[in-house]
Amino acid sequence: MKSPGFRLSVSCNLKKPSSCTRNIQLKYRNHWLHKDMFTGKKMAYQKVNADQRAPGHSQYLDNDDLQATALDLEWDMEKELEESGFDQFQLDSAENQNLGHSETIDLDLDSIQPATSPKGRFQRLQEESDYITHYTRSAPKSNRCNFCHLLKILCIATILFIFGIFIGYYVHTNCPSDTPSSGTVDPQLYQEILKTIQAEDIKKSFRNLVQLYKSEDDMEISKKIKTQWTSLGLEDVQFVNYSVLLNLPDPSPSTVTLSSSGQCFHPNGQPCSEEARKDSSQDLLYSYAAYSAKGILKAEVIDVSYGMADDLKRIRKIKNVTNQIALLKLGKLPLLYKLSLLEKAGFGGVLLYIDPCDLPKTVNPSHDTFMVSLNPGGDPSTPGYPSVDGSFRQSRSNLTSLLVQPISASLVAKLISSPKARTKNDACSPLELPNNEVRVVSMQVQTVTKLKTVTNVVGYVMGLTSPDRYIIVGSHHHTAHSYNGQEWASSTAIITAFIRALMSKVKRGWRPDRTIVFCSWGGTAFGNIGSYEWGEDFKKVLQKNVVAYISIHSPLRGNSSLHPVASPSLQQLVVEKNNFNCTRRAQCPETNISSIQIQGDADYFINHLGVPIVQFAYEDIKALEGPSFLSEALFSTRATKIEEMDPSFNLHETITKLSGEVILQIANEPVLPFNAIDIALEVQNNLKGDQPNTHQLLAMASRLRESAELFQSDEMRPANDPKERASNRIRMLNDILQDMEKSFLVKQAPPGFYRNILYHLDEKTSRFSILVEAWEHCKPLASNETLQEALSEVLNSINSAQVYFKAGLDVFRSVLDGKN
């Protein structure tokens with residue numbers, strides 16, 4: 001077996017001992033790495049290569065007694081290493097050295113085990129046909145002289161042998177192989193990394209972070225994160241800044257005034273007085289809808305409940321809604337979608353609230369204010385392209401014609417003259433405005449639009465064998481002028497804890513096979529602006545190279561149930577990790593893993609890149625039973641709230657370890673742990689039930705499953721068996737696996753809906769979301785153009801995936817098997 005990646009030759013002419021040299025020629029495949037992608041620097045491609053040269057002089061070679069000897073020692077080091085027992089040239093993954101990031105490498109001499117060979121170096125030289133012609137020497141003067149010459153030659157050979165070992169070992173430990181790992185990764189390696197993660201360390205990090213959020217300058221938090229990540233050893237940690245258009249609260253809070261009584265209220269339900277404003281501190285300013293229209297509107301309030309299509313059809317039959325104010329409950333459907341329906345119906349304003357009946361009894365949000373963003377993603381002034389110097393900026397201070405104002409449940413109760421939401425028997429009575437009563441209010445919405453700098457913190461650990469394949473791990477940090485919630489500190493503390501554990505292993509010489517990129521995003525509360533701009537900036541590179549996205553967004557929303565969300569292709573991996581984690585705990589409730597729409601910075605990677613994602617989070621079981629999309633509201637949570645839910649930070653530790661193990665397995669397994677058949681099964685499940693016009697979809701889904709099953713059995717099964725694994729197939733197989741979900745990105749989806757149709761609106765709906773929406777609109781007319789267009793989008797996606805798997809099989813069979 002040849003040692004991959006290099007060829008070493010040593011030549012010495014003993015007549016000219018000063019010319020003795022050792023040359024190492026590295027024949028290493030060219031990795032073109034866009035390293036500066038992670039840091040936002042000017043694009044520069046760097047060629048990974050190595051050219052090492054060892055000194056070629058020895059004190060034995062300078063001896064005058066050797067001048068009479070004409071001996072040219074030359075051998076192929078590559079073959080010699082093979083004969084000398086160095087054929088197993090790949091070290092254990094836990095012992096590989098840090099590549100290219102240290103100028104001096106300590107050689108572990110104890111680990112060098114010279115092996116005996118049946119053929120010595122000189123015996124090989126004597127077997128060559130032109131051995132006699134290499135050199136001639138005169139007859140020995142005496143036996144003693146012959147003995148001296150032989151002794152000197154033996155000394156020289158020994159020294160050169162030792163030098164060869166040193167050089168070979170140095171090259172091997174400093175030059176990456178251009179072939180993927182062929183062995184199975186030891187699971188103990190992952191546990192060795194994860195066992196260093198401690199709840200107490202996460203708790204300390206969390207408390208240090210929450211002390212910083214009061215600063216108006218979010219750069220202080222970004223600098224803190226960058227300094228900490230750099231001190232832990234993360235490579236080339238940098239700021240990536242974008243100047244973007246932010247919609248900020250006005251110095252004066254918005255108001256709602258009852259026309260009948262003339263009473264003025266702040267969004268939290270408190271009267272419009274200076275004393276009430278002081279008592280509520282700055283929380284009043286954060287009760288607003290970013291990118292709403294601004295102004296004053298006096299109109300009748302019309303209760304539209306959750307704003308579903310059926311609700312609006314019913315109301316429009318009995319009332320004129322033009323330029324009126326909708327009283328809208330958050331939940332059940334994406335807010336952007338419901339606002340688009342209200343805008344289309346002709347409403348002029350929206351009072352948005354959360355019904356207490358939709359929350360667990362332990363939660364009392366009666367006076368809580370909250371923020372929502374009406375931005376679908378990225379800088380509103382540069383839609384679809386990055387906000388870099390020279391980009392054209394559109395004038396978009398508002399993203400809707402509606403005046404939108406979030407208000408508390410206590411203010412809603414005052415508007416509808418309802419003193420409380422719960423009755424004496426503790427049964428919850430939803431807030432409703434009676435149909436026969438008229439309420440006229442004047443709402444004033446005030447915000448300020450400014451260009452501000454949003455900062456991302458990005459660092460990475462370069463991969464060993466596939467450095468051009470990226471696993472992105474993302475959390476977010478607090479941004480000035482946004483909500484004061486503390487869940488960002490939880491996510492940042494968790495990602496920092498994993499970096500600390502990972503880098504402790506990297507510093508000892510180990511590296512993952514694929515590059516891990518760590519990102520702390522800015523501007524998340526305004527519409528995932530930091531992640532969108534970074535994604536748009538490096539879209540071409542990310543489309544080709546990103547393998548998976550691990551989200552650490554809002555990891556603690558409750559403390560009763562672990563609620564993982566994963567792409568269909570990664571659900572099996574998450575089940576395995578969760579089951580393993582359960583074996584180490586006394587209580588292990590059944591965990592429901594699903595593919596549903598989530599909040600946070602994974603949005604761009606799911607909907608624009610088709611990247612598989614995983615997210616672990618703890619939820620309140622009662623909250624899961626309520627309507628979906630309540631998490632769109634961002635509350636001003638107290639700093640102690642997180643510690644009340646998880647005082648020991650054991651839940652934080654669990655999420656860190658679960659996320660960490662998934663990261664390590666995706667980054668280090670020779671074959672990506674994705675499942676093609678699970679995607680096909682998800683498609684078939686989405687088409688179950690009594691649905692019209694799906695016979696063509698079912699037939700196409702059946703063909704997709706057949707292709708996926710063949711792909712799984714013919715290619716993935718042997719690739720996952722080290723005994724059957726063919727190294728030349730691994731890279732092609734992984735390229736197919738990482739792009740499986742891209743087929744399911746539709747060109748257009750309703751506002752607030754995922755473009756990746758593999759994700760459901762919620763756990764209660766197991767059908768394609770765009771078909772559900774189209775059927776709701778088109779119940780009277782099954783042949784409606786909107787429905788036909790949605791059916792076509794789904795059909796084309798399934799067909800594209802089926803063709804993709806079939807083409808992958810054809811490539812393996814025709815090219816790799818040597819067929820034309």
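Strand β7 (residues 255-258) and strand β15 (residues 440-445) run antiparallel and are joined by 4 bridges, where strands are DSSP runs of E with at least two residues and helices are runs of H or I with at least four, numbered from the N terminus. Within β15, Met443 is the residue that stands opposite Val256. Two strands count as paired if DSSP finds at least two bridges between them.

The model is a predicted one, in which local features need pLDDT of at least 70 and side-chain atom pairs count only at pLDDT 80 or more, while totals for chains, interfaces and linings use all residues. Residues are numbered from 1 along each chain as its sequence is written, and side-chain values use heavy atoms, with hydrogens and water left out.

## Helix α19 and its partners

The axes of helix α5 (residues 187-194) and helix α19 (residues 650-668) come within 10 Å and cross at roughly 140°, axes being lines fitted to C-alpha atoms, for helices over the stretch in contact, with angles from 0 to 180 degrees between N-to-C directions. This makes α5 oblique to α19, a class left over once angles under 35 degrees are called roughly parallel, over 145 roughly antiparallel and 65 to 115 roughly perpendicular. On the α5 side the contact (heavy atoms within 4.5 Å) is made by Leu189, Tyr190, Gln191, Ile193 and Leu194, and on the α19 side by Lys657, Gly660, Glu661, Leu664, Gln665 and Asn668.

Helix α12 (residues 487-506) also packs with α19, at an angle of about 55° and with the axes 10 Å apart, and the two are therefore oblique to each other. Their contact involves Ser490, Ile494, Ala497, Phe498 and Leu502 of α12, together with His652, Ile655, Thr656, Gly660, Ile663 and Leu664 of α19.

## An aromatic pair across the sequence

A search of the whole structure finds 13 aromatic pairs, defined for rings of Phe, Tyr and Trp (its six-membered ring) by centres within 6.5 Å, with planes under 30 degrees apart counted as stacked, over 60 as edge-to-face and the rest as tilted. One of them is the tilted pair of Phe370 and Phe635, at 5.6 Å centre to centre and 50° between the planes. Since Phe370 lies in strand β13 (residues 370-373) and Phe635 in strand β24 (residues 634-635), the pair ties together parts that are 265 residues apart in sequence.
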